[in-house]
Amino acid sequence: MNKTIAVIRGDGIGPEIMRATLRVLDKLKAGLDYDFVEAGLAAQEQFGELLPAATLESIARHRVALKSPLTTPVGGGFASLNVELRKRFDLYANVRPALTLPGTKSRYEGIDIITVRENTEGAYIGEGQALSADGETATLTQKVTRRGSERIVRYAFDLARKVGRKKVTIVHKANILKSTSGLFLKVAREVAANYPDIVCNEMIVDNCCMQLVMNPHQFDVIVTTNLFGDIVSDLCAGLVGGLGLAPGANIGTEAAIFEAVHGSAPDIAGKGVANPCALLLAACQMLDHLGATEKALQLRLAIRATVVAKDRTTPDLGGTGTTDTFADAIIERIGGA
């Protein structure tokens, strides 16, 4: 495989974890070339804008990007750079796996849940945001469409079938949000009827959160709308040790962006202690997307073995290592594979 990808090194700890991740990918001999582009604060400092045209063009041309966390400045401009990128490229499916790695500080063992979150509609799009002149009332329009609901639910069921999952849980709030969540649930039921080989159940979002805490092993694949998916996927990350182990894939028909779910963590930037696992696991998702499933498995096994052994892992995983020594340990295991 020879493929050029756009690489966004990001802000805060972003350049550190990206450097570690690319070192590992190079050792893996994944056949990747890198087109380095900027976004976020780094882009603003260099080019005077948060999302330069060259960055957008690179993502459009290569159709695949690996992205470190970005900082969205407070004030004018984009409400969120991540949301803006998803809108620009219609990256409608946000896929966030939560998988227990033995040896991590987690509440449960044996968790393996995939949250599929609708990424382009709902409350996060920011349509109709307004504050009354007296500052007393704020409004926001939440929009859900049949098209958006159908394609995300279909994606979730197709993914379940592709990776051998047995159950999809549709998460909603149709009992209260009868128009928006009601439409999502109605369409989801219609789509589910086309997948008789996969068990489908429905769960109201507040009950889902309680059930995830009480008995997370009942879940396999979860599909839901934008706001609920953001909350539920972070809850799932908490079940397996936190956002330091949480990758995310943003998938559309024309492009895909793979990222660490966590933020830019400016408080530890430059200290060399940032955990690169989330970005490395996002790179695994990227390799799967590119059809390099054997390379993805090889990398996942090397990460798992390193975390289990606590071999030069970062302090958040109970080790005394650095970002670079963590990468070194993974690279050695790839070399010995």
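Because the model is predicted, local features need pLDDT of at least 70 and side-chain atom pairs count only at pLDDT 80 or more, while totals for chains, interfaces and linings use all residues. Residues are numbered from 1 along each chain as its sequence is written, and side-chain values use heavy atoms, with hydrogens and water left out.

Strand β11 covers residues 247–251; strands (E, at least two residues) and helices (H or I, at least four) are DSSP runs, numbered from the N terminus. Five of the five residues in β11 are buried, that is, under 20% relative accessible area, with exposed meaning over 50% and partly exposed in between (1.4 Å probe, protein chains only). Both faces are covered: Pro247, Ala249 and Ile251 sit on one side, and Gly248 and Asn250 on the other.

As for partners, β11 pairs with β4 (residues 93–99) in the antiparallel sense over three bridges, where pairing takes at least two DSSP bridges between two strands. In this pairing, Asn94 has Asn250 of β11 as its bridge partner. β11 also pairs with β12 (residues 256–260), again antiparallel, over five bridges, and Gly248 stands opposite Glu259 there. With four residues between them, β11 and β12 make a hairpin.

Moving on to helix α11 (residues 323–335), its 13 residues reach 19 Å from first C-alpha to last, close to the 18 Å expected at 1.5 Å a residue; the expected span is 1.5 Å times one less than the number of residues. Its buried residues are Thr323, Phe326, Ala327, Ala329, Ile330, Ile331 and Ile334. Their cover includes α1 (14–28), α9 (277–289) and α10 (293–309).

The loop between α10 and α11 holds Lys310 and Arg312. Most residues other than glycine have a negative phi. Lys310, however, has a positive phi near 50°, and Arg312 has one near 60°. Lys310 is partly exposed at 36% relative accessible area, and Arg312 is partly exposed at 30%.

Finally, Glu121 lies in the loop between β5 (112–118) and β6 (130–131). Glu121 is buried yet has no salt bridge, meaning a side-chain nitrogen of Lys or Arg within 4 Å of a carboxyl oxygen of Asp or Glu. The nearest side chain of opposite charge, Arg151, is 5.9 Å away; Lys and Arg count as positive and Asp and Glu as negative, with His and the chain ends not counted. Leaving aside neighbours within four places in sequence, Glu121 contacts Lys143, Val144, Thr145, Gly148, Ser149 and Asn226, contact being heavy atoms within 4.5 Å.
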